[in-house]
Amino acid sequence: MLLFPNCKINIGLRVVARRADGYHDIETWMVPARGLCDIVEIVHAPGDGAEFVSSGLAVDCPPEKNLCLRAYRALHERFPIGGVRIHLHKIVPMGAGLGGGSADAAFVVKGLSELFGLNLSRKCMEELCAGIGSDTAFFVANRPALATGRGEILEPVDFSLRGKRLLIVKPAESVSTAEAYAGIAPRRPLLECLNAPVDRWRETVRNDFEPVVFRAHPQLERLRNEMYRRGAVYASMTGSGAAVYGIFDGGAPIDSDFGNVFVYQEDMV
């Protein structure tokens, strides 16, 4: 079984409150970037348990801590599934705020449900994924949603970016989630700001991580400003960084030469 876990961007990200469990309640609009994907292969294997291998970009954690294996263990503890071999080919950059690892885990949950004939409901898979990672549940339905709580409470929204073009740039540097959360203070709700036209989001739709991360990584602020210089109607860092995206009007060519950095673009639907 071959799976293609795509990544996401965050349009606005408000840190609403610090929780008693050490996490933060957030509010963000998450939108899939469907063409930028990892590749996951899952096949039956003898015995009981999961063998994991990876290729492509170097994965920044020991194999036994990879979210693909956490996803397998989450299902194995609750359902009668057998042994598998999981091969992850990593393409989505890490330390970027694009949710690549979360997507890998969610697609493994969906893939195992199909491979072993579990026929799990979306709600069941979202609950399992919420225990794996804060934004992992988003990739079960894999559609635009307003995410609250730790990112696991999802509400579909009607906003559309159809006809726009997305450009993502990820420099060599990365940003850890812990670094991004340092010094964050709560802000007012996001949804009312999203109701404005996209070309007004620059004034009100903010990623609360940007001031903290930009101080430590000024290149990311320069990238965001360069997106505006090249004609973006809205630009922002996604998640806790270090990827920066711009939303452009469709039809016009985009100057996507940013030097020797990761660059990706797609038409939004």
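A: One term before the strands: two strands pair if DSSP finds at least two bridges between them. Also, this is a predicted model.

Q: Noted. How many bridges join S5 to S6?
A: Seven, and the two strands run parallel. S6 covers residues 84-90. Within that pair, valine 53 sits opposite histidine 87 of S6.

Q: What's the strand order in the open sheet of four strands?
A: The order is S1-S4-S6-S5, with mixed pairing.

Q: Which strands stand at the edges there?
A: Strand S1 (2-3) and strand S5 (50-56). Each has a single partner strand, so one side of each is left without a neighbour in the sheet.

Q: Buried or exposed, glycine 83?
A: Glycine 83 is buried, at 4% relative accessible area. The cut-off for buried is under 20%.

Q: What does glycine 83 touch?
A: Leaving out residues up to four places away in sequence, its contacts are Val43, His44, Ala45, Gly47, Asp48, Gly49, Tyr72 and Phe116.

Q: Switching to S3. Why is it called largely enclosed by the rest of the structure?
A: Because eleven of the 14 residues of S3 are buried.

Q: In what sense do S3 and S7 pair?
A: Antiparallel, over three bridges; S7 is residues 145-148. Tryptophan 29 stands opposite leucine 146 of S7. Methionine 30 has alanine 145 in S7 as its bridge partner.

Q: How many bridges join S7 to S8?
A: Four, running antiparallel, with S8 at residues 153-156. Alanine 147 faces leucine 154 of S8 as its opposite residue.

Q: How many residues lie between S7 and S8 in the hairpin?
A: Four. Glycine 149 in that turn has a positive phi of about 65 degrees.

Q: Now the core. Which residues of the largest nonpolar core touch the most other members?
A: Ile11, Ile168 and Trp201, out of 50 residues in that core. The elements giving two or more residues to this core are strand S2 (6-18), S3, strand S9 (164-170), helix H6 (191-194), helix H8 (210-216), helix H9 (218-229), strand S10 (234-237) and strand S11 (244-249). Apart from it lies another core, of 36 residues; Leu3, Ala106, Cys129 and Phe138 are among them.

Q: Back to isoleucine 11. What is it in contact with, leaving aside neighbours within four places in sequence?
A: Thr28, Trp29, Val31, Leu161, Leu190, Leu194, Trp201, Val205, Tyr234, Tyr245 and Ile247.

Q: And arginine 14, which strand does it lie in?
A: Arginine 14 lies in S2. At 1% relative accessibility, arginine 14 counts as buried. Arginine 14 and threonine 28 are 14 residues apart in sequence, and their C-alpha atoms are 6.3 Å apart.

Q: Pockets next. How much space lies in the second largest pocket?
A: About 250 Å³. Its lining has 16 residues, and Val31, Pro32, Arg34, Pro144 and Val269 lie nearest the centre.

Q: Which element gives the largest share of that lining?
A: S3, with four residues. Strand S3 (24-37) and strand S12 (262-267) each supply at least two residues.

Q: What's that lining like by class?
A: Ten nonpolar, one polar and five charged residues.

Q: Which peptide bond is cis?
A: The one from glycine 241 to alanine 242, with omega near 15 degrees. Alanine 242 is in the loop between S10 and S11.

Q: What is phi of asparagine 119 near?
A: Near 50 degrees, a positive value in a residue other than glycine. Asparagine 119 is in the loop between helix H2 (100-115) and helix H3 (122-130). At 69% relative accessibility, asparagine 119 counts as exposed.

Q: And asparagine 142, buried or exposed?
A: Buried, at 8% relative accessibility. Asparagine 142 also has a positive phi, about 60 degrees. Its place is in the loop between helix H4 (138-141) and S7.

Conventions: Residues are numbered from 1 along each chain as its sequence is written. This is a predicted model: local features need pLDDT of at least 70, side-chain atom pairs count only at pLDDT 80 or more; totals for chains, interfaces and linings use all residues. Side-chain values use heavy atoms; hydrogens and water are left out. On a 1 Å grid over the protein atoms alone, a cavity is a set of points where a 1.4 Å probe fits but cannot get out, and a pocket is an open set with protein on both sides within 12 Å along at least five of seven lines; lining residues have an atom within 4 Å of a point. Grid points are joined across faces, edges and corners, and a volume is the space filled by probe spheres set on the points. Ala, Val, Leu, Ile, Met, Phe, Trp, Tyr, Cys and Pro count as nonpolar, Asp, Glu, Lys and Arg as charged, and the others, Gly among them, as polar. A nonpolar core is a set of buried Ala, Val, Leu, Ile, Met, Phe, Trp, Tyr and Cys residues joined through side-chain atoms within 4.5 Å. Buried means under 20% relative accessible area, exposed over 50%, partly exposed in between (1.4 Å probe, protein chains only). Contact means heavy atoms within 4.5 Å.
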